[in-house]
Structure formats: structure tokens, C-alpha cells
Amino acid sequence: MNETINGRIQLLNGTLTPQLRYDWALKEIEWIYTLPLPDLVFAAQTVHRAYHRPDEVQACRLLSIKTGGCPEDCGYCPQSAHHDTGLARQPLMGVEQTLAAAKQARDQGATRFCMGAAWRSAPNGDDFLQVLKMVQGVRALGLEACCTLGMLTEKQAEALAAAGLTAYNHNLDTSPEFYGEIITTRTYEDRLQTLKRVRKAGITICCGGIIGMGEEREDRFRLLEQLATQKPHPESVPINLLVRVKGTPLEEQQAIDPLEMVRMIATARILMPASMVRLSAGRLSLTEEAQALCFLAGANSIFMGEKLLTTPNPEIDHDRRLLGRLGMHFRPQP
Ligand code: SAM
Ligand code: DTB
Ligand code: SF4
């Protein structure tokens with residue numbers, strides 16, 4: 001692509017009438033990601049406003065319903081049995097306790113409740129039936145329900161859909177090329193297979209990744225390419241900044257420039273205009289001003305509450321104050 005002023009104006013004009021595209025080329029993604037920041041944020045805002053309210057963010061709440069002891073070796077994850085992080089393992093939580101947490105989240109203003117389990121694959125039998133009950137219960141509270149349970153079979157995806165599951169989270173995490181540096185116990189292809197089954201069952205897809213794991217910018221472009229060439233796009237794209245957890249192989253990873261988070265979010269927003277782009281893990285290592293830039297770049301969701309799955313997250317009061325400072329608000333409950 002021609003990197004002249006004309007080229008820039010063409011792209012920016014193109015984004016003024018944003019249409020969903022599924023044929024993004026790697027070169028285009030690179031070009032967008034590396035635009036001068038004012039152009040990038042302007043283009044992202046323009047696209048954002050065509051599909052979303054610019055003053056509103058969705059509040060989601062996470063709950064770890066089964067914690068630790070995971071057989072996968074994901075290098076970033078405190079829940080992998082391969083790393084000694086001192087995390088207390090917990091078996092599958094009861095339905096009542098889960099629904100009490102969901103109700104509390106709703107009372108605090110969340111509109112989406114996400115249940116995470118440290119499984120390689122969702123189990124069959126009683127545990128799975130218990131998760132189905134949780135999903136039904138969360139939906140009955142009027143919340144969107146999201147689960148992340150590892151790999152799924154077609155049957156399991158269908159059962160989750162029948163229970164009313166809104167979304168299934170299954171991240172590609174990084175580029176196909178860098179993936180093997182981070183995870184060796186499953187393949188990129190395994191991930192794509194589960195995503196296909198989720199889509200086929202009629203559940204919306206929540207799929208994104210993590211930055212700050214030692215990858216190159218090129219790996220981020222490749223991840224974005226994988227996401228933005230899916231048809232339809234994932235309805236939800238979580239962008240996580242690595243939370244460096246003691247005892248994981250990535251604990252000493254060097255911190256990245258927070259503006260890379262802004263660029264990643266803005267590019268995701270431009271490539272997938274209609275999707276929710278979620279400023280997910282890692283907010284405690286961003287200043288409030290950096291988070292504000294992420295909202296300008298088109299992020300329209302955050303996790304609310306003092307804990308993600310196992311690691312800390314900003315307090316609700318802090319987030320309310322931040323949104324107040326920005327003249328923004330949480331998406332109201334239906
Ligand atoms: N076991 C399931 C799986 O891997 O799909 C679900 C739970 S797993 C904790 C969900 C996602 O959390 C991962 O795909 C990863 O993207 C993200 N995650 C885990 N640890 C993280 C960390 N330390 N920093 C940022 N994101 C993290
Ligand atoms: C996602 O992309 N981020 C969330 C959600 N999907 C499940 C999880 C973040 C986990 C951060 C590490 C932890 O708290 O254990
Ligand atoms: Fe297990 Fe998921 Fe953590 Fe990987 S990210 S170790 S699959 S809980």
C-alpha cells in the first residue's frame with residue numbers, strides 16, 4: 001500500500017463509511033497499526049461511532065468457577081499445574097454460590113457474567129450438567145452469560161447453546177508462529193476447531209489475545225489477521241495485557257509501552273467495527289490516562305470488580321470515578 005498522504009486520506013475516508021470486511025491483508029493491518037497515533041485514534045473513533053455509543057462501556061464480571069491444577073502449560077497462566085504459583089486449587093463451585101456472585105455482579109451494574117474454568121477440555125457428566133445449570137441461572141437473572149471451559153465437543157457446544165449461553169470465550173492468544181513459544185500442550189488448530197463448533201452451535205464467539213508476552217509487532221498483526229478474517233467476526237474481542245504472575249515462565253517479561261495496547265485496541269476496532277472490543281486483563285498496570293486512550297481507541301467494555309479470575313483488578317469505585325472523570329458511564333441494565 002502507498003504510504004503517502006493520499007494513501008492516508010484514502011484510508012481515513014474509507015473508515016468514515018465503515019463496512020464490515022473479512023478480507024484484511026496483513027500489510028493493511030500493519031499499515032493501520034503503525035499509523036501516526038492521531039490518525040489511528042481518529043480512524044478508530046470514526047468507526048466506533050458508526051456502531052457504538054462513544055460514551056458507554058459494558059461492565060462484565062468474571063468468576064473462576066474451577067480454579068488451578070490445569071494440565072495445559074500456557075506460559076502466562078497462574079492456573080497451570082506446570083507452574084508453581086502458590087495458587088490454591090478449587091474444585092467446581094456450586095450452582096448456588098455461583099448464582100449469588102452473578103446476582104451481586106448484576107446489583108453492582110454488570111450486564112455480562114463470565115464463568116472461567118481451568119480445564120483443558122470441558123468434562124462430561126455431573127460437572128458439565130452443573131455448568132449448564134449455572135448458565136440457565138445467569139440468563140434467568142437477565143445477564144448475558146459467557147463461559148470459558150477449554151476445548152468443547154460438538155455435543156457440549158449444542159448443550160451450552162440449549163442452556164442459553166450467550167458467548168463462549170476461547171482465545172487464540174497470539175500469532176500461529178509465536179504460539180508454540182507460549183503453549184506446547186495444544187495447537188492453534190485445536191483452538192480453531194473449538195471455535196468452529198461454538199459457531200456451529202449458534203453461540204456468539206469471544207476470542208482475542210494477550211500482548212506483552214515477548215512477541216513482535218508482527219505477531220500482533222498475525223493475531224489480528226486471524227480474528228478479522230473470520231466470517232462473521234468474533235462478536236467479542238478481549239485484548240489482554242499480560243499480568244505477570246510470580247512462578248509463571250513469563251513473570252520476568254519486560255513491560256511493554258502502554259501505547260501498544262492503544263494501538264492494538266484501535267486496530268481491532270477498525271478491522272472489526274461491530275464487535276465489542278474489551279480492555280481486559282492488565283488494567284492495574286495502566287494509568288487511568290492510558291485506559292482513557294484505550295476508550296478513545298474504541299474499547300467499549302471492561303471487567304469490573306477487584307478480581308479477574310485469580311489476579312487483582314481495579315476496584316469498582318475507582319472505575320466509576322474514572323468513567324465520571326471522562327463523562328462516560330457503564331451501559332445501563334436492560
Ligand atoms: N482454560 C480455559 C482456556 O484456556 O480457554 C479458560 C480459562 S483461561 C484463564 C482464559 C484466558 O485468560 C486465556 O485464554 C488467556 O488469554 C487469559 N489469561 C490467562 N492468564 C493471563 C494472564 N496472566 N494475563 C493476561 N491474560 C491471561
Ligand atoms: C479473557 O480474554 N480475559 C479474561 C477472560 N477472557 C476469561 C481472563 C483474564 C485472566 C487474567 C488472569 C487471572 O486473573 O487469572
Ligand atoms: Fe489452563 Fe486456560 Fe490457564 Fe491455559 S489459560 S493453563 S488452558 S486455565
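1. Asp173 lies in the loop between strand E4 (167-169) and helix H7 (176-182). Helices (H or I, at least four residues) and strands (E, at least two) are DSSP runs, numbered from the N terminus. Phi of Asp173 is near 70°, a positive value in a residue other than glycine. Most residues other than glycine have a negative phi, and most peptide bonds are trans.

2. This is a predicted model: local features need pLDDT of at least 70, side-chain atom pairs count only at pLDDT 80 or more, and totals for chains, interfaces and linings use all residues. Residues are numbered from 1 along each chain as its sequence is written, chains are lettered from A and ligands numbered from 1 in the order in which they are written, and side-chain values use heavy atoms, without hydrogens and water.

3. Look next at Pro232. Its place is the loop between helix H9 (217-228) and strand E7 (236-241). The peptide bond from Lys231 to Pro232 is cis, with omega near -5°.

4. Helices H10 (residues 258-271) and H11 (residues 288-296) pack at about 15°, with axes 8 Å apart. Axes are lines fitted to C-alpha atoms, for helices over the stretch in contact, and angles run from 0 to 180 degrees between N-to-C directions. H10 and H11 are therefore roughly parallel (angles under 35 degrees; over 145 is roughly antiparallel, 65 to 115 roughly perpendicular, the rest oblique).

5. Helix H2 (residues 26-33) packs with H10 at an angle of about 130°, their axes 9 Å apart. That makes H2 oblique to H10.

6. What surrounds ligand 3? Cys70, Glu72, Cys74, Tyr76, Cys77, Ser80, Ala118 and Arg186 do (a heavy atom within 4 Å).
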